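Dear colleague,

Please find below the structure I wished to pass on to you.

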Amino acid sequence: MSASERRAALARAALVVVDRDGVHAATTRAIVAEAQMPLGSFHYAVPSRDELLRDVVELVVEGEGDAALAGLLVDAAGPRDAIRRALAAYLDHVRQAPGREQAMFELTQYALRSPELSDLPAEQYARYHALAAQVLSAAEAHLGIRWTIPVAELARLVVTVTDGVTLAWLADRDDAAAERTIDLAADALTAFAASGTPTA
């Protein structure tokens, strides 16, 4: 197994640990035990645990993006329906692995208090914003619409909404309330959609 393959396997193992037990439990020993690797192999593949946590963020972002895009690209009655399906697919992704999403909030707070990871929260949210922008651009192409405000601005709104929906659902596990919030969010986002080819 190459160093890059070992690093990827360790990142997947770290994600399992933080999903199940939280960020605080993701020690080097716990991660290699989950990956079924010897302890010495960790530093052969990755400089530090904190560096590996960056890879974990990337794994989570990829999963969220795949879920949202899958929801967006199914047959839909129109822009509002497609946006609603994408948000619902994201919520389903959260509900399938709540520990993972809770761990991402924990990781943000941990990094804000950790000098070694002081740049991670901004990097983490830059990835979220880029993912939201990717989904919004895909919506333009797939639905034949254009957004009436810059995609970057709308992406920040989407991340703010999904963060709020996620945290509220983690707190109360109220599916009906989360679904209603998604309905309202879809209404709000659709207001920024107009017919026509997206501008460059």
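The protein chain exposes about 9,900 Å², of which carbon and sulfur atoms supply 55%. Please note that this is a predicted model. Of the chain's 200 residues, 46% count as buried.

As to secondary structure, the protein chain comprises nine helices and two strands. Read from the N terminus, the order of the elements is α-α-α-α-α-α-α-β-α-α-β. The radius of gyration is 18 Å, close to the 16 Å that the globule rule gives for 200 residues, so the chain is as compact as a globular protein of that length. The C-alpha trace spans about 55 × 40 × 30 Å along its principal axes.

Helix H5 (residues 79-96) packs with helix H9 (residues 175-190) at an angle of about 145°, and their axes are 9 Å apart. The crossing of these two helices, H5 and H9, is right-handed. On the H5 side, the residues in contact are Arg80, Ile83, Arg84, Leu87, Ala88, Leu91 and Arg95. They meet Asp175, Ala178, Glu179, Ile182, Asp183, Ala185, Ala186, Asp187, Leu189 and Thr190 in H9.

Yours sincerely

Definitions and conventions. Residues are numbered from 1 along each chain as its sequence is written. This is a predicted model: local features need pLDDT of at least 70, side-chain atom pairs count only at pLDDT 80 or more; totals for chains, interfaces and linings use all residues. Side-chain values use heavy atoms; hydrogens and water are left out. Axes are lines fitted to C-alpha atoms, for helices over the stretch in contact, and angles run from 0 to 180 degrees between N-to-C directions. Helices (H or I, at least four residues) and strands (E, at least two) are DSSP runs, numbered from the N terminus. A crossing is left-handed if the near helix is turned anticlockwise from the far one by less than a right angle, and right-handed if clockwise. Contact means heavy atoms within 4.5 Å. The radius of gyration is taken over C-alpha atoms; the globule rule is 2.2 Å times the number of residues to the power 0.38. Buried means under 20% relative accessible area, exposed over 50%, partly exposed in between (1.4 Å probe, protein chains only). Accessible areas come from the Shrake-Rupley method with a 1.4 Å probe; for residues, only the protein chains shown count as cover.
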